[in-house]
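Work through the exercises below with the sequence and model at hand. Each task is followed by a stepwise solution.

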Amino acid sequence: SNMENDVSFKFRQQLFLISENLVTEDVAALKFLCIDLLHLSKLESVKSAADIFRLLMAQEYLNAEDTFLLAELLYRIKCHSLLEKLGYTKEKVQEHLHEKGRVSPYRQMLYELSENITSETLEEIVFLLQNYLPNRWIILSALDLLILLEKQGLLTKDDVKILEDVCKRVSPDLLETIDCYKKAKVLCCKVFPSPDAWSVAKLLKELGVLPSFCPTKMHKKRCVLLFSEQEGTPVDGAFFFNPRLDLNTWYLKFWYFSALIFFNSGSYKMDGPHRGFCLIINNVDFNNCQRRGSCKDADQLERVFTWLGLDVKTYTNLTSGDIINLMEFWQHVQDHKDRNCFICCILSHGSSGAIYGTDHKLVSIRMLMSHFTAKQCPQLAAKPKVFFIQACQGDNVQRPVFLDTDGSTPDSSPMQERDSYFESIPEEADFLLGMATVDGCVAFRHIEEGAWYIQSLCSKLQLLVPRGEDILSILTQVNEDVARRVSPSGTKKQMPQPAYTLRKKIIFPIPMEPPPS
């Protein structure tokens, strides 16, 4: 009928518009994701996205009444803007993937892996596998390599050992994606009327805690189960959801069953109703000298630690006496007993083992931290006390363009001896001191973007806390990030240094809200 013809024409017009907006790399990705649905020999002759659409329609995977498979494919290759041409949104696709998705977990895993293989890593992998590859075979992309391995029977949904072996050698980070595919994932949720279990699973995937390729199934007890393709695999993870006091927001905890001992005894308790206090001391004005960019650091720290559930208190331009008095005040705050931790961030000029007050007098970092030992502050006994110090720990250097150093601009008092400040961390347990730089060196601060160390710290916390990383692992990545930076002159570098007497790991619970930036 004319109506059917109109519908068919409109549908094909939609497909044409979508095809026109897909580049060569997108077409290659679509071909790869369709390998389990369409015969490989037919896919090899594909030149455009329209060719793939025709094949899908011929196999009745795609028609005007059911366009979900195409929506799923566009979602998988992150062409979210094209979903609206099919009447979908990213959120709507995510909502229905658990029941209507056609791309297998195995295929999703391989595609996700390919997205994280750099050109340099690909060259290394090809070199390692040259005995397995046909002579003169040109590998243009990671997808080409994966397809070739599958053709030769070296890679199947039940056997990914060849990928594990090469990833161990060239990029151990890629193993995580493979491990997530191999191991079963289980969500054990006490599901209240809201949110529903599917929303929970979607949230976990968006946060990056759960791989997007983990399929979901609903258990009869209203738990969300996440399995690898093989049924009956052992449970090795669980998510628990409990309502907060106001019953409107939700608190998320992620556990691996295979590491329950670690979570029960190997990490500090961080799941109480009150996380802890976070103090930010931001010394900006030193007579005629301003620490430009420091306010951006303070603002970013406040937003990130608020997001992590701490009660943040910011103090600006404190003298040495003010800083000591502030530590004495917080030392005796009784509310610590109901909190899980204590954090203090100090942004100022500094010298070896010390920071400056705005009155140009040094204050020992060790002395400041000693206010919170178990003896001096029993309310924080056996709880983690974390100090982040953005300040130089040595002599000034010549400042490059757009960069300041957080070194001492005033003259040091002759009564203040370097040796008295050198060792900063107390000899008591449960302390972590994150220094922007090693002893004797300067710490750089961009006058507009903020300090290298603080900006990296905030960035890595937002990236890695949702992945369940502990604070020392995060600070290791901060070290790597800052160490890669270089001043505009190309001659100045910086190396942060954490020191600690922690007895357990510090793992912040995953916030329900998205990261602040």
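**Exercise 1.** List the residues in contact with L22, leaving aside its neighbours within four places in sequence.

Step 1. Contact means heavy atoms within 4.5 Å. Step 2. With those neighbours set aside, L22 touches L30, A49, F53, L74, I77, C79 and L82.

The model is predicted: local features need pLDDT of at least 70, side-chain atom pairs count only at pLDDT 80 or more, and totals for chains, interfaces and linings use all residues. Residues are numbered from 1 along each chain as its sequence is written, and side-chain values use heavy atoms, with hydrogens and water left out.

**Exercise 2.** Describe the burial of α5 (residues 68-76).

Step 1. Helices are DSSP runs of H or I, at least four residues, and strands runs of E, at least two, numbered from the N terminus. Step 2. Nine of the nine residues of α5 are buried, including F68, E72 and R76. Step 3. Just after α5, K78 has a positive phi of about 65 degrees.

Key
Buried means under 20% relative accessible area, exposed over 50%, partly exposed in between (1.4 Å probe, protein chains only).
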